Amino acid sequence: MAQTEETIVALATPNGIGAIGVIRLSGPDAITIAQKVWKGKDLTQQASHTLHFGRIVDGELELDEVVASLFIAPRSYTRENVVEISCHGSNYIIESIIKLLIRNGARAAKAGEFTLRAFLNGQLDLSQAEAVADLIASNSKASQQVALQQLRGGFSNQLQQLRDQLVQFASLIELELDFAEEDVEFANRDQLKKLTHDITRVIGSLIQSFELGNAIKNGVNTVIAGRPNAGKSTLLNALLNEERAIVSHIPGTTRDTIEEVLNIQGINFRLIDTAGIREATDTIEQIGVQRTMEKISQSALLLYVYDAGEISLADLNSDIEGLQKPGVTMLIIANKADLLNAEQLAALPHTDKAIIISAKEKHHINELKHKIYGAAVKDQLTGHETLVTNIRHLEALQKTEEALIRVLAGIDTVTSDFLSMDIKQALHYLGEITGAVTTDDLLENIFSKFCIGK
């Protein structure tokens, strides 16, 4: 855990040469240390949230002309005194200034230590602190929006309301234990049952949201599969609107997987073009088919592509049945529709999971994108819902749910002391999410994954 009496320093912008670099100081002596190497207005006499032009000097040696931003406690990201020095983006200049600040009393910051201090000083709860890392890592509009909502406290507020209600009943149960000999009941069991049902329902909804939340955060694994020469690579190129995969009329052109990212309405889909599924004629092709089946089992969404003019209905149904996997949503794509007549088109499957396209002519590609998006999101994304995106949060919610189920099971039969134990368990696991319950190991594990300077 952070030693908050120390002042820490790190580069807050990415490493590498750029126009500017921002060096961040945080701690009780941040302004005093900056003043030691500063030539300009006396920083110790300036107001918070002000910018000052000056020079960083090492004795008589001038290192750079800079702008210093002042944030006086508690009105800063860490709730400590913070100075951010914007200098020119030379690696030599940045390194020289950081070394100079360390010689004058600062310490090099550890990974995530600024955000850790924000948590320890009450600026953020633990789930909000984790949202900072998610926001930095966001690579789509949807992942950015979900992280931003969590950073603003949407998830934390919902959990706090649940926890407050449980705390109220837990205190009444504890009161009963104090008057155990009088056999007095302070906590209405019917009200407790209703409350536990309500909270369990909300917890269950949050647990279910992880599938979508994880997809938004990490992208949706989407496999394009089918028989050789069905047009899988042509479809990949059409979806990406570029010639990414080699296309040939010769079956078996694709022998290994090709992976690209497609963004649809703010959601990233990790498209994986695979080798055609058939009886392999050589060892290389056999490995390719094996990898295809592995990718399908690991995917969330399967785009099964078939040549609508070549495959029989029996073979089509056999393929679909053989490729269906638990937890994998399948879209059935009839390709090469430009080669079919009206009667052939009418005979093709027409369901909400099926679509008829021509990848070569790019017919109905936009409609396919809408189906892909709908298959992943399932009308769950409105912009205002709380989504769980963190596996640590998911595990804590699952343990909370288990404790609440025990409360419901024993509410009419077990004694107050056993009910109290299960309620306390639920409170403990809810508290782990927001940081009301923490350990040094937990904090170390979370913040060590942050970048230096944040």
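Colleague: Leaving aside neighbours within four places in sequence, which residues is Ser143 in contact with?

Modeller: Ser138, Ile216 and Lys217 are in contact with Ser143 once those neighbours are set aside. Bear in mind that this is a predicted model. Ser143 itself belongs to helix H5, which covers residues 141–151.

Colleague: What makes Ser143 count as buried or exposed?

Modeller: Its relative accessibility is 6%. Buried means under 20%, so Ser143 counts as buried.

Colleague: How do you know that the side chain of Ser143 has a polar contact with the backbone nitrogen of Asn139?

Modeller: A polar atom of the Ser143 side chain lies 3.3 Å from that nitrogen. The cut-off for a pair of N or O atoms is 3.5 Å, so the pair is within the limit. The Ser143 side chain also reaches the backbone oxygen of Ser140, at 3.0 Å.

Colleague: Turning to the rings, how many aromatic pairs are there?

Modeller: The count comes to three.

Colleague: Why is the pair of Tyr304 and Tyr306 called stacked?

Modeller: The ring centres are 5.9 Å apart and the planes stand at 20 degrees. Pairing needs centres within 6.5 Å, and stacked needs planes under 30 degrees apart. Both conditions hold, so the pair is stacked. Tyr304 and Tyr306 are both buried.

Colleague: What makes the pair of Phe447 and Phe450 tilted?

Modeller: The centres of these two rings are 5.2 Å apart, with planes at 35 degrees.

Colleague: Are Phe447 and Phe450 buried or exposed?

Modeller: Phe447 has a relative accessible area of 3%, and Phe450 has a relative accessibility of 7%. The limit for buried is under 20%, so Phe447 is buried and Phe450 is buried.

Colleague: What about charges: where does the charged end of Lys454 sit?

Modeller: The charged end of Lys454 is over the ring of Tyr77, 4.3 Å from its centre.

Definitions and conventions. Residues are numbered from 1 along each chain as its sequence is written. This is a predicted model: local features need pLDDT of at least 70, side-chain atom pairs count only at pLDDT 80 or more; totals for chains, interfaces and linings use all residues. Side-chain values use heavy atoms; hydrogens and water are left out. Rings of Phe, Tyr and Trp (its six-membered ring) pair if their centres lie within 6.5 Å; planes under 30 degrees apart count as stacked, over 60 as edge-to-face and the rest as tilted. Buried means under 20% relative accessible area, exposed over 50%, partly exposed in between (1.4 Å probe, protein chains only). A charge sits over a ring if NZ of Lys or CZ of Arg is within 6 Å of the ring centre and within 35 degrees of the ring normal. Helices (H or I, at least four residues) and strands (E, at least two) are DSSP runs, numbered from the N terminus. A polar contact is a pair of N or O atoms within 3.5 Å; within protein, one must be able to donate a hydrogen and the other to accept it, and residues adjacent in sequence count only if both atoms are side-chain atoms. Contact means heavy atoms within 4.5 Å.
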